[in-house]
Amino acid sequence: MSDLSHYRNIGIFAHVDAGKTTSTERILKLTGKIHRTGEVHDGAATTDFMAQEQERGITIQSAATTCFWKDHRLNIIDTPGHVDFTVEVYRSLKVLDGGVGVFCGSGGVEPQSETNWRYANDSEVSRIIFINKLDRIGADFYRVVDQVKNVLAAKPLVMVLPIGTESQFKGVVDLLTRKAWIWDDTGLPENYEITDVPADMADDVETWRQELIETAVEMDDDVMMAYMDGEEPSIEDIKRCIRDGTRTLAFFPTYCGSAFKNKGIQLILDAVVDYLPSPTEVEPQDLTDEEGNPTGEVATVTLEEPFRALAFKIMDDRFGALTFVRVYSGQIKKGDTILNSATGKTERVGRMVEMHANDRNEIERAQAGDIFACVGLKNVQTGHTLCDPKHPCTLEAMVFPEPVISIAVAPKDKAGSEKMGVAIGKMIAEDPSFRVETDEDSGETILKGMGELHLDIKVDILKRTYGVELIVGEPQVAYRETITKPVEDSYTHKKQSGGSGQFGKIDYRIRPGEPGSGFKFESTVVGGNVPKEFFPAIQKGFAGMMEEGPLAGFPVLDVEIELFDGGFHAVDSSAIAFELAARGAYRQSMSKAGPQLIEPFMKVDVFTPEDNVGDVIGDLNRRRAFIKHQEPNPTGIRIKAEAPLAEMFGYIGHLRTITSGRGQFSMEFSHYMPCPQQIAEKVIEAEKARKAAAKAG
């Protein structure tokens, strides 16, 4: 039976190319989990095991591994940095107790860092900060610390100061112990010596150390009073205060180093053990009912409670489906029967494995606080709760973003059709932000995702991993429709053709909803003119029609419907009659409510050398972008803007041409905006033509 206080479930997250995977490799080497360090640029990193990851030098899916440091068990998840794969970060953060936010010493707080930080705030995950790549040109530890304060509105607690910068970076000063850790030039992590603080840094060390202590002691009134009376707190007291502040998100211990050069990683591992919480120290997960509303109960992390766990990731590999599970309470053994509360079905636990990237070790049991994988569970999806059949419960569900881009694909031959169906089924189970549907008019298979790279990778996996030869269409924008003015109307559904008839009369108001509110239905009927038992059928009728708007058949967003009166027949009225009345009412009234085409707008973050700023801004303006602001950077300018997705296809190639290959950008979905009339007309015309051609074909 393991001591839960010696567990640390942590994630490593950051902007793409800040050095997460390299940091993970160094941690695995230092803890003795691997004996040879693999490099991302060589395609040899342990946690980047997909062919697509090795070729592109980026992390696409989160990978789990376990290692040990100073008698503590570290369950580590290395997450992707690219914006198209943030769902991997989100679902990992949901099951972790702590995290290491990695920031590039020269790039600073980059766009995806902000998104991941926001996710971590939402999930209330304690973090330490590692400012990496201090050996790079333009690296500046103090500037990144300021950015953490100003951009992330977070409070960094500086724990170390760098000795030297850029090519002169050789080590760090630990402010708590007032000792310098200096590594030699061999690049080996174990080749360091601990010495006194360099003389030219003594004043800075005392200044920053005082700030560190003053911030830490605020967490304990007794220690703070003693400190104000001139008594220096002990290192144990300071560490205890830092641990409390880290756990409650009051501040974030901040370290620095160079993962690639093996400098500073030991202090990160010590900080994980010293300051990040164990599974028993975090707020327990809320239990919810079937609709997702909190019940007031919680899943306390303890071995004494019944078994409760969350399936947070599905991965298909050569051995079958792997379900990654975080256990919140109780324990589970091989051969046990568990209940999936989402499906109401029980399953027997066959093989259980502890993961090290794509290698595995067989285990017999797992307990509260553990992260492991089950082999061969049948009907489990991401976000499902697994629990003891005698104590059914539901853990707080995961909510995934809607896709904003789609492409049509078709297999080149009939043999590929069946293969593609099986492959896509597995891929949907693995990635909840990836959706697939069949276009009823054309019979085409439509893949939907979070961005061009996301879909590009999916097509690549279909071709190479599953051997399906595909014909791939052009990317399409996920347009939507909404309404701009309120309408009050009445509709009667009446049918009499021998036998029992159908009758349902509804009086209703349709009005535009708040942006982002989706579909809302309410009833203000008084006096029983429409019996209450028919309200759900009316709501269902309207909701079902929202999938197809009046302009071009795109789904409808942000509409409120109020049922205020109506009529019924004692014999002929039924749920189906009122559902059909709602459908007829939708067809009758939506075109009167000022329908409007809306398009997805993206948050765009562009980095460009100073010389090309004018050209880049001019190009963004031509793409109908709104420039929000510009931030100078030691190596260039960051431009923040909002732009319609339709204008951003292929942008990276164009940006590289303008900036001679030095520009970079990232974007993520922000909100929907009305489409300009001229463009809306073209989109509607094209969609109608496509549907007509599909019907004719």
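The points below concern strand pairing and helix packing in this predicted model.

1. Basis. Residues are numbered from 1 along each chain as its sequence is written, and side-chain values use heavy atoms, with hydrogens and water left out. Because the model is predicted, local features need pLDDT of at least 70 and side-chain atom pairs count only at pLDDT 80 or more, whereas totals for chains, interfaces and linings use all residues.

2. Open sheet. Four strands are arranged in the order β7-β8-β9-β10 with antiparallel pairing (strands are DSSP runs of E, at least two residues, numbered from the N terminus; two strands pair if DSSP finds at least two bridges between them). β7 (160–163) and β10 (192–196) each have a single partner strand, so one side of each edge strand lacks a neighbour in the sheet. From one strand to the next, the twist averages 25° (axes are lines fitted to C-alpha atoms, for helices over the stretch in contact, with angles from 0 to 180 degrees between N-to-C directions).

3. β8 and β9. Strand β8 (residues 171–174) runs antiparallel to β9 (residues 179–183), joined by 4 bridges. Valine 173 has alanine 180 in β9 as its bridge partner.

4. Helix packing. Helix α9 (residues 265–275) packs on this sheet and touches β7, β8, β9 and β10, its direction making about 130° with that of β9 (helices are DSSP runs of H or I, at least four residues; contact means heavy atoms within 4.5 Å).

5. Hairpin. β17 (residues 337–340) and β18 (residues 345–348) pair in the antiparallel sense over 4 bridges. The hairpin has 4 residues between its strands, and glycine 344 in the turn has a positive phi of about 75°. Isoleucine 338 has glutamate 347 in β18 as its bridge partner.

6. Further partner. β17 is also joined to antiparallel β23 (residues 385–387) by 2 bridges, with asparagine 340 opposite leucine 386 in β23.
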